[in-house]
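I am opening a notebook page on a structure that is new to me. I will look up a few features one by one and write down what I find.

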Amino acid sequence: MYAVAISDVVYCIHADIRTTDLFEGIWSIKDGVSLNSYVVKGEKIALVDLVKDWSEAPSQLAEALTSIGMDFASIDYLILNHIEPDHTGWLKEFRALNPHCEILCTDKGCKLIKSFYKIEAGVRVVKDGDTLDLGNGQTLAFIEAPNVHWPETMVTWHEASGTLFSCDAFGSFGALGERVFDDAFTSEERAFFERETLRYYANIVSSFSLFVEKAIQKARRLAIKCVAPSHGIVWRKNPQKIIDLYATYASYAKGPAEKEIAIVWGSMYGNTKAGLDAVIRGIEAEGVSYAIHRAPDEDFSYVLADAWKSSALVIAMPTYEYAMFPPMAHIIDLFKRKHLFGKTVLRIGSFGWIGGAKKEYEAAIEPLKWNNLESYEWPGFPSQEDIIALEERGKELARSVRET
Ligand code: FEO
């Protein structure tokens with residue numbers, strides 16, 4: 001891996017993580033993820049963000065540093081925008097290689113470094129608006145961005161090059177390979193990263209959309225020429241693109257979102273699926289687009305992404321042991337944790353001898369304040385009367401999306 005120059009004194013060095021591990025132990029990264037760090041050279045040298053020892057990330061960074069005539073011992077300041085271990089897991093080993101490097105982070109970050117790594121010496125707390133003079137006219141400024149997505153988070157601003165080291169904000173899943181800049185990828189590749197940005201947002205950041213909006217307001221005051229996040233593409237040609245994408249995704253927390261429907265369903269023996277097919281016919285008759293995901297078969301990180309961007313949901317599940325079908329209960333719980341507010345929702349499902357999903361479901365979604373269409377349940381296989389009613393429910397939901 002080579003270092004890539006953002007300016008004559010700023011370089012991106014990144015490690016591509018390709019693994020069967022899950023990100024944060026939860027989220028699929030089947031197309032990888034990049035851990036981006038940045039070097040800023042004045043008389044002194046700063047490294048912005050680190051890596052964890054994962055998929056040979058430290059070796060990848062070392063190789064990139066070598067390509068610009070440096071090594072880890074060359075670094076005078078390590079700026080840690082965020083202490084989550086994907087960016088700090090290798091900190092003790094880095095410290096052993098370079099005991100004289102000063103670490104800069106927020107006050108909350110300092111406490112986390114102590115608790116995660118038992119490191120206290122050589123850590124400098126910086127506050128919102130503080131600066132670090134590297135010499136030769138190179139200055140870094142620190143801007144607190146709490147809760148994007150951890151409370152200790154800050155971003156770092158290099159005014160001379162107009163580069164915002166934005167940490168997780170404006171990041172995405174997806175390994176980069178040898179290219180890092182937005183203008184180095186084809187439109188198809190950029191479309192891939194746009195999908196992976198949405199999935200990253202829905203999986204990692206969505207619960208904190210209010211704080212994302214506050215961070216974006218701060219970012220809009222800067223004359224940004226390059227957005228340099230800690231994951232994914234470095235945006236130098238069109239930095240506004242990724243800022244606007246994040247602003248759009250944050251706005252979905254309040255609804256409405258895109259004029260689409262996300263259908264999430266589980267079925268034990270096909271009876272709920274038979275009813276769902278009727279709902280889908282109704283949606284199709286109204287010409288509204290939809291994405292469909294089956295639980296538990298499909299990766300819920302993708303389910304969450306489609307649900308986040310859709311204005312409406314269909315939740316289809318049978319009653320299971322007097323309660324919600326367990327894989328769907330898990331997805332509803334995720335929707336709650338990720339603050340999937342502002343949706344118009346139709347719930348349907350079959351039951352055997354008695355219902356029960358309805359009661360548990362209604363209690364579970366209460367905090368989400370969804371606009372709920374009248375739900376529809378039926379015993380066993382749907383009758384012709386049920387089919388007609390379900391088609392009509394599908395049409396009603398689709399019309400509500402179209403007219404929002
Ligand atoms: Fe990429 Fe929140 O760490």
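The entries below go from aromatic rings to cysteines, then to helix packing and the backbone.

**Aromatic rings.** I keep in mind from the start that this is a predicted model. I began with the rings, where I found that the structure holds 21 aromatic pairs. I looked up Y38 and F165, which form a tilted pair with 5.1 Å from centre to centre and 45° between the planes. This pair links distant parts of the chain, since Y38 belongs to strand β3 (residues 33-41) and F165 to strand β11 (residues 163-167), 127 residues apart. I also noted that both Y38 and F165 are buried.

Next I turned to F116 and Y117, whose ring centres are 5.9 Å apart with the planes at 35°, so this pair is tilted.

I then recorded one aromatic cluster, which is formed by F170, Y201, Y246, Y249, Y252 and W308.

**Charges over rings.** I looked for charged groups over ring faces and noted that the charged end of R236 sits over the ring of F181, at 3.7 Å from the centre of that ring. I also noted K273, which lies over the face of W265 at 5.4 Å from the ring centre.

**Cysteines.** How many disulfides does the structure hold? I found 0. I checked C12, which is in no disulfide and has the sulfur of C226 as its nearest cysteine sulfur, 8.6 Å away. With a relative accessibility of 0%, C12 counts as buried. I checked C105 as well, and C105 is in no disulfide, the nearest cysteine sulfur being that of C110 at 5.2 Å. C105 counts as buried, with a relative accessibility of 0%.

**Helix packing.** I looked up how helix α8 (residues 271-286) meets helix α12 (residues 384-403), and found that they pack at an angle of about 40° with their axes 7 Å apart. At this angle α8 and α12 are therefore oblique to each other, and α8 passes α12 in a right-handed crossing.

**A strand residue.** I placed E102 in strand β6 (residues 102-105) and noted that E102 is partly exposed, at 23% relative accessibility. The C-alpha atoms of E102 and Y77 are separated by 4.9 Å, although these residues are 25 apart along the chain.

**Backbone details.** Which peptide bonds did I note as cis? One runs from V148 to H149, with omega near 5°, and H149 is in the loop between β9 (138-144) and β10 (154-158). Another joins A295 and P296, with omega about 5°, and P296 is in the loop between β14 (289-294) and α9 (300-309).

D49 counts as buried at 2% relative accessibility, whereas E56 is exposed, with a relative accessible area of 59%.

Conventions. Residues numbered from 1 in each chain as written. Predicted model: local features only at pLDDT ≥ 70, side-chain atom pairs only at ≥ 80, totals over all residues. Heavy atoms only, no water. Phe/Tyr/Trp six-rings, centres within 6.5 Å; stacked < 30°, edge-to-face > 60°. Helix = DSSP H or I, 4+ residues; strand = E, 2+ residues; numbered from the N terminus. Buried < 20%, exposed > 50% of the residue type's maximum accessible area, 1.4 Å probe, protein only. Lys NZ or Arg CZ within 6 Å of the ring centre and 35° of its normal. Disulfide = S-S within 2.5 Å. Axes fitted to C-alpha atoms, helices over the stretch in contact; angles between N-to-C directions. Parallel < 35°, antiparallel > 145°, perpendicular 65-115°, else oblique. Left-handed = near helix turned anticlockwise from the far one by under 90°.
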